[in-house]
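This report goes through a few features of one structure. Keep the sequence and the 3D view at hand while reading.

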Amino acid sequence: MYERAVQLLEAEVADELLALDADAGECFAFNNVAASIWGYLGEPASIDVLRDKLLDEYDVSPDQCDAELKVFLDVLIQRGLLRLKPS
Amino acid sequence: MLSPMADAQPIPSPQAAEMSIGSQLCTKCGLCCAGALHDNASAKPHEIESLRKRGMQVVMGEELRFALPCPHLKGTSCGIYDDRPHVCSRYRCQLLRDVEAGTADLPDALLKVREARRLHDAVQQLMPAGMSLPQARSIPRNPQYGRENVDPELYPALFLHVLALMRYVDQHFRHSDEGPLLSEEVLTMDGPVERLRKDRHDHV
């Protein structure tokens, strides 16, 4: 399961989400797909749940979705925005 | 029997059509006058006296300019339209240029104006009394100014919403030859250290 590791202040800008980690003083820009994933992570979720939600929302092949979702989740973990929750 | 011409409307001249576009777009926007795009606007030497008489702050530097926001901006309209400074009648933001050139359509441009106004209003609601929009825009480059002049509880939200407004203005309103308001090197609350991280996954 993945869960958010930080609370971000968020501002929607057209189809982007601008988010500020006020404690770290860092700002992030999420495109619409990344913003969707971040939104799904409002509650802890498994990668299967995240993938299913993306496949419902976007016209993308399951293989491509799996691969890019995993990369993005790893990026979020590397940047301290996300962590793996022990199940 | 009605004449075949009974419903005919006069065909507007190209100039009238252009005014119509500008009129429709600009009177719903006003962001250039509010100081969302620039800190000040250029002025002509012969305008100094009239600018001062009208309560506009003249900035004497290498170039003669007057400070924004313009005190004659009423909502999103000009209160001195018939007697406005020369630069105001000449200036066209990138969005207006695109619509006039036919590379963007008016309904889409009006949506962009509406979004920009929403971002502007969010910043205005967070700004302390007496702070101008150009001063708020300076916060990402000068966080110390923000910390000294903004309620600490509101500061992070103001910082974020200023960034949001500047980013959107850069994308749609400022000319490419003007350069961006928002350098990607100045996006932390503590100074010019980190870059804006673009978590772009366009093809997930």
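## The model

This is a predicted model, in which local features need pLDDT of at least 70, side-chain atom pairs count only at pLDDT 80 or more, and totals for chains, interfaces and linings use all residues. Residues are numbered from 1 along each chain as its sequence is written, while chains are lettered from A and ligands numbered from 1 in the order in which they are written.

## Chain B as a whole

Chain B contains nine helices and six strands. Both are DSSP runs numbered from the N terminus: helices are H or I with at least four residues, strands are E with at least two.

Of the 204 residues in chain B, 30% are buried. A residue is buried if 20 or more other C-beta atoms lie within 10 Å of its own, exposed if 12 or fewer, and partly exposed in between, with C-beta atoms placed from the backbone.

## Helices H6 and H9 of chain B

Two packed helices are described by the angle between their axes and the distance between the axes. In chain B, helix H6 (residues 106-126) packs against helix H9 (residues 155-172) at an angle of about 155 degrees, and their axes are 9 Å apart. H6(B) is therefore roughly antiparallel to H9(B). Axes are lines fitted to C-alpha atoms, for helices over the stretch in contact, and angles run from 0 to 180 degrees between N-to-C directions. Angles under 35 degrees count as roughly parallel, over 145 as roughly antiparallel, 65 to 115 as roughly perpendicular and the rest as oblique.

Among the residues making the contact are B:Leu119 and B:Val123 of H6(B) and B:Leu165 and B:Tyr168 of H9(B). Two residues are in contact if their C-beta atoms, placed from the backbone, lie within 7 Å. H9(B) is mostly covered, with 14 of its 18 residues buried.

## Single residues

Where is B:Pro69 placed? B:Pro69 is in the loop between strand E3 (64-67) and strand E4 (73-74) of chain B. The peptide bond from B:Leu68 to B:Pro69 is cis, with omega near 5 degrees.

In chain A, A:Ala14 lies in the loop between strand E2 (9-13) and strand E3 (16-21). Its phi is near 50 degrees, a positive value in a residue other than glycine. A:Ala14 is partly exposed because 17 other C-beta atoms lie within 10 Å. A:Lys53, in helix H2 (residues 47-57) of chain A, is also partly exposed, with 15 C-beta neighbours inside 10 Å.
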